[in-house]
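Dear colleague,

Please find below the structure that I am handing over to you. My notes on it follow directly after.

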Amino acid sequence: MEVKKKKKDVIRLERESVIPILKPKLTMTLANHIENESDRTEFLKLCKRIEYIIRTWYLLQFEDFMQLYALFDPVHGSQKLQQQHLSPEETDSLEQNFLGHLFQVMHKSNFKIATDEEVEIAVSGQYLLNLPITVDESKLDTKLLTRYFSEHHYDKLPEFADKYVIFRRGIGIDRTTNYFFLEKLDMLIARTWRQLLKKTGLDKFRRKKPKPGKRFKKDPSKDPKKNDDLRAEPEDQQDLFVERIRIENMEISFRNLLSKLTIQEPTFDRIIVVYRRAPEEEDIPERGIYVKHFKNIPMADLEIVLPEKKNPGLTPMDWVKFVVSAVVGLGAAISSLQMPSNDVWVIIAIASTLIGYCAKTYFTFQQNLVDYQNLITQSMYDKQLDSGKGTLLHLCDDVIEQEVKEVILSFYVLMEQGKASTKELDLRCEDLIKDEFGESCNFDVDDAVHKLEKLGIVSKDSIGRYQCLGLKHANEIIGTTTEDIVLQARQAPIAT
């Protein structure tokens, strides 16, 4: 029998600025639309030169960035700090400088700090992780991030921002098909329990969860881009809608208890967690800064990326079930014994039910514990992309690739579709990404135009419209790069 779903559980998300298209695919697809072969060759040459120049711009900045991190690498950073013979004040200044570089790179890579609202909505349901996971805050430092955020203002910082920061980027979908026997059984018992609480009037004492339909969306009035009159599309066509398909939202009965079903959960495509451990000894400061990079993390299982997790135990509700079951069973047994014609089989039935329920709660916990350990292992080997220096190198490359794609795309649109204001260029680039690649993003037009002007390959007229230079002229403006010389040297015949 098919499992029926209740009303849809949908999360609405604002579009992100990251262009979800590989650079080679973007470049070749655009070049293939240029009919003239010589223009196509010039365009590909321009794309290469744009990448070379932008990479050069960031080279020195990223080199300083990596040198700073070498001092705070949790593995070897303490040894390098000792070699520098720095005072505590100088070390504090350097680590704040490193965090400034890190947060800037995060912003350029289109990562956003997860807010309390986003985290609360993300973990408001269950997916594969069915245990309450909490952070052992005593093992985390609070001075590093507190000092940084006291000097740098960020809107909607989460409550845990003094201990760790979770950066998120991109949205995906994860689907799992299985029998979920224990989960279905637990859901049936939970629903029966809720009905009992409702009938007894005790349900009002249960803690309310946030509505899953709540949006991860900022106030549109604060984003002038979203108030652009050029947009004829209604708001719901600009946003991204992701559906959660969860067991608790399905009609489960004993008839479909043994049938397979598919559950679905939106994922954070990339997660980066930044934190510092608390010092083991008070007189020896801890200077290591941990940067961990994860991929495809289901929203409801976001807890698996938290640092310094406590070992999970039985939930307060599990203990309540144990106590209430014991009290009810004991009361029923005493009542049966006081009856004039007590039936030993009635007592055995009550005792068996009580023991079975307690055993089911315990074994459910043990199964959830095994699943939790498997998830943690999977997150370490499958979900964790990198950590420390590897993550930072990945971010540096990511910044360059995103900026190159923005510049190439905006130049191509100006070349093919003519003059455009900033707003018109923004709309045209987003439409091209949607029509040509079937992807959606909130194109960062201001940054793209700034780079085009810095390269000197666009001009601006008296009414604020931008126009690109011809391909050959644009290549002449940028000029021969070091990479061009190296490639020419490689292609030249070797003298014998």
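**Findings**

Leu182 is found in helix H7, which spans residues 181-200. Please note that the model is a predicted one. With a relative accessible area of 31%, Leu182 is partly exposed. Together with Tyr179, Phe181 and Leu258, Leu182 forms a nonpolar patch on the surface, and the accessible area of these residues together is about 390 Å².

Leu392, by contrast, is buried, its relative accessible area being 0%. This leucine belongs to helix H11 (residues 389-417). Leaving aside residues up to four places away in sequence, Leu392 touches Phe65, Met66, Tyr69, Phe98, Leu102 and Val291. Of these contacts, Met66 is 326 residues apart from Leu392 along the chain, yet their C-alpha atoms are separated by 7.7 Å.

As regards cysteines, the count of disulfides comes to zero, a disulfide being taken as a pair of cysteine sulfur atoms within 2.5 Å. Cys47 counts as buried at 5% relative accessibility, and Cys396 likewise counts as buried at 5%.

Turning to charged residues, side chains of opposite charge can pair when their charged atoms come close. The structure holds 22 salt bridges. Among them is the pair formed by Asp92 and Arg287, whose closest N and O atoms are 2.7 Å apart. This pair links distant parts of the chain: Asp92 sits in helix H4 (residues 88-108), while Arg287 sits in the loop between strand E7 (261-275) and strand E8 (290-298), 195 residues apart. Asp92 is partly exposed at 23% relative accessibility, whereas Arg287 is buried at 17%, because the cut-off for buried is under 20%.

A further salt bridge joins the side chains of Asp447 and Lys108, at 3.5 Å from N to O. This pair also links distant parts of the chain, with Asp447 in helix H13 (residues 445-455) and Lys108 in helix H4, 339 residues apart.

Lys163 and Asp162 form another salt bridge, with the closest N and O atoms 3.0 Å apart. Lys163 counts as buried at 11% relative accessibility, while Asp162 is partly exposed, with a relative accessible area of 24%. Finally, salt bridges that share partners join Asp92, Glu95, Arg147, Arg276 and Arg287 into one network.

With kind regards

How values were computed:
Residues are numbered from 1 along each chain as its sequence is written. This is a predicted model: local features need pLDDT of at least 70, side-chain atom pairs count only at pLDDT 80 or more; totals for chains, interfaces and linings use all residues. Side-chain values use heavy atoms; hydrogens and water are left out. Patches are made of residues with over 30% relative accessible area and no salt bridge: like charges are joined within 9 Å, nonpolar side chains (Val, Leu, Ile, Met, Phe, Trp, Tyr) within 5 Å. Accessible areas come from the Shrake-Rupley method with a 1.4 Å probe; for residues, only the protein chains shown count as cover. A salt bridge is a side-chain nitrogen of Lys or Arg within 4 Å of a carboxyl oxygen of Asp or Glu. Helices (H or I, at least four residues) and strands (E, at least two) are DSSP runs, numbered from the N terminus. Buried means under 20% relative accessible area, exposed over 50%, partly exposed in between (1.4 Å probe, protein chains only). Contact means heavy atoms within 4.5 Å.
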